[in-house]
Amino acid sequence: MRISMGRRSFLKKATVAVAVGAVSPTLLMGKDSKSKKTSAKNGKYPSLEFDVIVVGAGTGGIPAAIRAAQAGAKVALVEEDMQVGGAPVDMFVPTLFGRPKVGLALDLEEELLRDHGLYNWDSGTDPVGWRFFLPAAYLQLLSRNIRAEKNITLFTGTPAIGVWAEHKGNRDVVKGIRIFRNGEIQDLYAKVTIDATGTGVVAAMAGCEYMYGSEAKSDFNEPYGFDTANNKVQLCTQMFISQRIKKDAIFPIGFKGSAAEDGYIGANRLGKEELERRATGIFFHWGQSVEVEDTTDPIQVSEAQRNCLEMYKDRFAQLHAAGFGIHIAPRLGVRECRRIKGEYVLTASNVLEGLFPDDTVAHAQYYLDCWGMELPKGVPEKLYGIPYRSLVPTNTDGLLTAGRVISGTRLAHSSYRVQRCCSNIGEAAGTAAAMASLASTGVRDIEPPKLIAQLETNGLFSAREK
Ligand SMILES: Cc1cc2nc3c(=O)[nH]c(=O)nc-3n(C[C@H](O)[C@H](O)[C@H](O)COP(=O)(O)OP(=O)(O)OC[C@H]3O[C@@H](n4cnc5c(N)ncnc54)[C@H](O)[C@@H]3O)c2cc1C
């Protein structure tokens, strides 16, 4: 068995990941001798066996873990943040976009409306037509839903830092992951691991092929896009929430940065009367957007966040003067990172024509919403199918992907990246992972009709739209 790191940069990643485990704890402790006695040897935390490991407790990972657990699998859900939730909690993504409204995403939305609804409780709908929820609402309900599943063991504050793999035939078979826990390493093993990290870092560590940036139009016969490939990904956005702190304060009408850089959803669609009427005084801002050259690099991402916050200074001052306080998302909103190349690459043409491949395991619908790229407006949206093959990375076994990292072109990704679609994909991945693991077969040996029948039973395809 070996730790397998991304082929493209094998030495670099291997050095870093092995070093974490191999460096003597005394070297990591610094000069304070008192800290010596608190630093245990590596091996403090025993290796553990599960049926399924899900890395990333976000929009795609939580449904994956829940469905795998409900199918009878023992599941490890691994999250690098100290809390679960992913984008709605740490990037302040406030709404569930996309269609169809089914499965666990719809259950969540109904719970959110019931327990944490904002604005018009009668209709359950914001006057602009969207349902917004506070990050804490997602955190509370997602935590509760994970807790309800006795088959899930949750690891928080524990990044996956390596992947265990064995070479078999012409493929690497992923056997588990290494996590970093409290200054120590711990190994977790399972027959199937799911990469639901939003960044695809687990698949990259496993040496899977991945796509980053824009393909050339001709690469996948895309209807729109660039003539030559480039490294551009969608703009990142620093989300924030403003909240009335002075009695009777009215949101500043006309509050806006330069139109291209700053928009705020909700408030800019409301007239004076509605702004005055609002009891909650809570506004969600799709704030400053910026280009980040390499969204796989956390240092570039955090530098971009600091730049955004600096650019916000005057706008925050304006809101504050009007009687509003500000909540800033802890993480910069990164829309696009690695897309893990799978047995099928879903294309924008598939999305636009509403293709349902035979191995469709999740339904999706949303327009091509590629921030930073001009696309024709008014192109009709259709329901389309996400094939199981898009969840299965090439040349690798024992690994599936869930959420926005699945295999698709950049333009196709700009559609299925939204929450309802990512959640549907997560359910499919978790159900498939449990099926393969409990039957001790490879993820490629699953019979799609059997998987689809189970997903149908779970209510993943029948819209219960309200
Ligand atoms: C600014 C912005 C606004 C958006 N607005 C909307 C919107 O209004 N409506 C909508 O439906 N969608 C919106 N989206 C898109 C949507 O929120 C995301 O695409 C979707 O939530 C992604 O889900 P995911 O599960 O793939 O990733 P995430 O929800 O980001 O979850 C990934 C999780 O993996 C964890 N992780 C990463 N690396 C590791 C590691 N090595 N070890 C352990 N854990 C790890 C992360 O901490 C995170 O919790 C928006 C996105 C952005 C950025």
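**A helix pair and the ligand shell**

Modeller: Happy to! G103, L104, A105 and E109 in α5 meet R420, S423 and E427 in α12, where contact means heavy atoms within 4.5 Å. Please keep in mind that this is a predicted model, in which local features need pLDDT of at least 70 and side-chain atom pairs count only at pLDDT 80 or more, while totals for chains, interfaces and linings use all residues. Residues are numbered from 1 along each chain as its sequence is written, and side-chain values use heavy atoms, with hydrogens and water left out.

By class, two nonpolar, two polar and three charged residues make up the contact of α5 with α12. Here Ala, Val, Leu, Ile, Met, Phe, Trp, Tyr, Cys and Pro count as nonpolar, Asp, Glu, Lys and Arg as charged, and the others, including Gly, as polar.

Helix α5 spans residues 103-116 and helix α12 residues 419-438; they pack at about 130 degrees, with axes 7 Å apart. That makes α5 oblique to α12, the label for whatever is not under 35 degrees (roughly parallel), over 145 (roughly antiparallel) or 65 to 115 (roughly perpendicular). Axes are lines fitted to C-alpha atoms over the stretch in contact, and angles run from 0 to 180 degrees between N-to-C directions. Helices (H or I, at least four residues) and strands (E, at least two) are DSSP runs, numbered from the N terminus.

Next comes the loop between α4 (87-90) and α5, which holds P100. A cis peptide bond joins R99 and P100, with omega about -5 degrees.

Now the ligand. Of the 34 residues around it, G60, E79, T95, R417 and Q419 come nearest; a residue counts as near if one of its heavy atoms lies within 4 Å. This shell has 15 nonpolar, 12 polar and seven charged residues, and β4 (75-79) and β11 (236-244) each supply at least two of its residues.

Polar contacts are pairs of N or O atoms within 3.5 Å. A polar side-chain atom of T95 lies 2.6 Å from a ligand oxygen, and one of R331 lies 3.2 Å from an oxygen of the ligand. The protein covers 97% of the 1,000 Å² of accessible area that the ligand has on its own, by the Shrake-Rupley method with a 1.4 Å probe.

Note on methods:
A polar contact is a pair of N or O atoms within 3.5 Å; within protein, one must be able to donate a hydrogen and the other to accept it, and residues adjacent in sequence count only if both atoms are side-chain atoms.
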